[in-house]
Amino acid sequence: MKTTKRMNSNIVFFWAFVVALGGFLFGFDTAVISGAEQDIQQYWHLSEMQHGFTVSIALIGTVLGALGGSTPSDKLGRRATLLLVAIVYLVSAIGTAMATNWYLFLLCRFVGGLGVGASSVTAPVYISEVSPAQYRGRMVALFQFNVVFGILVSYLSNYLIGGQGGENAWRLMLGIQAFPAALFLLLLRWVPESPRWLLLQGKEQAAAVKTLQIINPAGYEQDMITIRQSQQAVAGAPKEKLFSGKYRTPIMLAVLFAMFNQVSGINAIIYYAPRIFEMSGLGAGSSLLSTVGIGIVNFIFTLTAIRFIDRIGRRQLMLIGTVGLIATLGLVAISFYRHTGGIAVVSYLLIYIAFFAFSQGAVIWVFISEIFPNQVRAKGQTLGSFTHWIMAAVIAFTFPYLASHIGGGHIFLFFCLMMVLQLLFVWKWMPETKGQTLEQIEVSMVVH
């Protein structure tokens, strides 16, 4: 029996890992522009505003992809949506690498952003729906693990390709993403559809039962009962709308969590790390190498968080991490004000990344995917992702202008103050969700 359980858990882990590869492409696509952005600016002789738009166009696509992500996820299914996402990533990678026209380049980056947005909705939802309750935190966190792994690989790739020189190095930096996109598309053929989606849609009941038996051999019948009860609670009622009074608690939690995630400054650092380090006094070569350091620390501490997220819980990770973010962002701001040199800024930002990865980075997609009921989960994930990415787009678009006009000190002081507000939010309002089934969380979140 133990052998069967272990075999079944390995199968479920494989499904989660394959779907989490969407996170790898998400991370790679998000961060790869950091190594190419200055060459792209020179290649097309872009102004500050044009350059900010070029960097943020993918985020605009991400916002729209996240906003519309629940529609294919609910209508076509989680798996079918992920197949479309894989194709989008593949087309975007090839298109950006080959573009000789700025407008075509913008279009391809925009399309890639659509893939990022859709995957940030669908992948965490899928993994949360196939994961046993006691392992759900670490399994959904695989998505974030792959995000940071994608960021690390893109930084390493940019460093190695950039070290070879050449005016077209940026093309290879962007185009190499086609290989993991093709692998993602191939591996999805062995991933089944979400059993919760099948049951709620009234489709392929036998396939849903078979998948639930693999997920929870001993308790799948009870899982069927609770899913059916959740379905019957809304049977015959009009189609569920997310923005109703009974969902006000998960809506508030998702929106605030996603907003605070971005006003921590994480995407400004991910997108503009080499530029930030050069602002602090480092040379171009040292800046690229320091960026690789950020990717490594991000990777290590996300892996650490995965080990703890189901043990000590989501809320405790957030409390620890937020205190660290306040301290490190404050030190970065002081360094810019006092012009104490690039090494200090690099050191503080590496510690900042460690605290971020251990808390917000690992928790965000887990928490948002848990707090909404089955019938509106994709819509709720869409709301959280949309909020996250609209904030990211604003920060990415405005950062070059703000950096040149008000300086790093003011920018990082703002991020620091936002984390003080986040600490208050976590302490006063954030509930703990570890160890509970999705249906148990639903009971505590929904106002009846």
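**Close-up views of a predicted model**

View 1. Helix H11 spans residues 205-215 and buries Ala208, Thr211, Leu212 and Ile215. These buried residues fall within an arc of 100 degrees seen down the axis of H11, so they line one face of the helix. The arc is taken over directions from the helix axis to the C-beta atoms. On the other side of H11, Ala206 and Lys210 are exposed. Buried means under 20% relative accessible area, exposed over 50%, and partly exposed in between (1.4 Å probe, protein chains only). Helices are DSSP runs of H or I with at least four residues, numbered from the N terminus.

The model is predicted: local features need pLDDT of at least 70, side-chain atom pairs count only at pLDDT 80 or more, and totals for chains, interfaces and linings use all residues. Residues are numbered from 1 along each chain as its sequence is written, and side-chain values use heavy atoms, without hydrogens or water.

**View 2. Helix H17 against helix H18.** The axes of H17 (residues 342-370) and H18 (residues 377-405) come within 8 Å and cross at roughly 145 degrees. Axes are lines fitted to C-alpha atoms over the stretch in contact, with angles from 0 to 180 degrees between N-to-C directions. H17 contributes Ile364, Trp365, Ile368 and Ser369 to the contact; H18 contributes Arg377, Gly380, Gln381, Gly384, Ser385, His388 and Trp389. Contact means heavy atoms within 4.5 Å. Four of the contact residues are nonpolar, six polar and one charged; Gly counts as polar.

**View 3. Two cysteines.** Cys108 is buried, at 10% relative accessibility. Cys416 is buried, also at 10%. The whole structure has zero disulfides (cysteine sulfur pairs within 2.5 Å).

Terms used
Helices (H or I, at least four residues) and strands (E, at least two) are DSSP runs, numbered from the N terminus.
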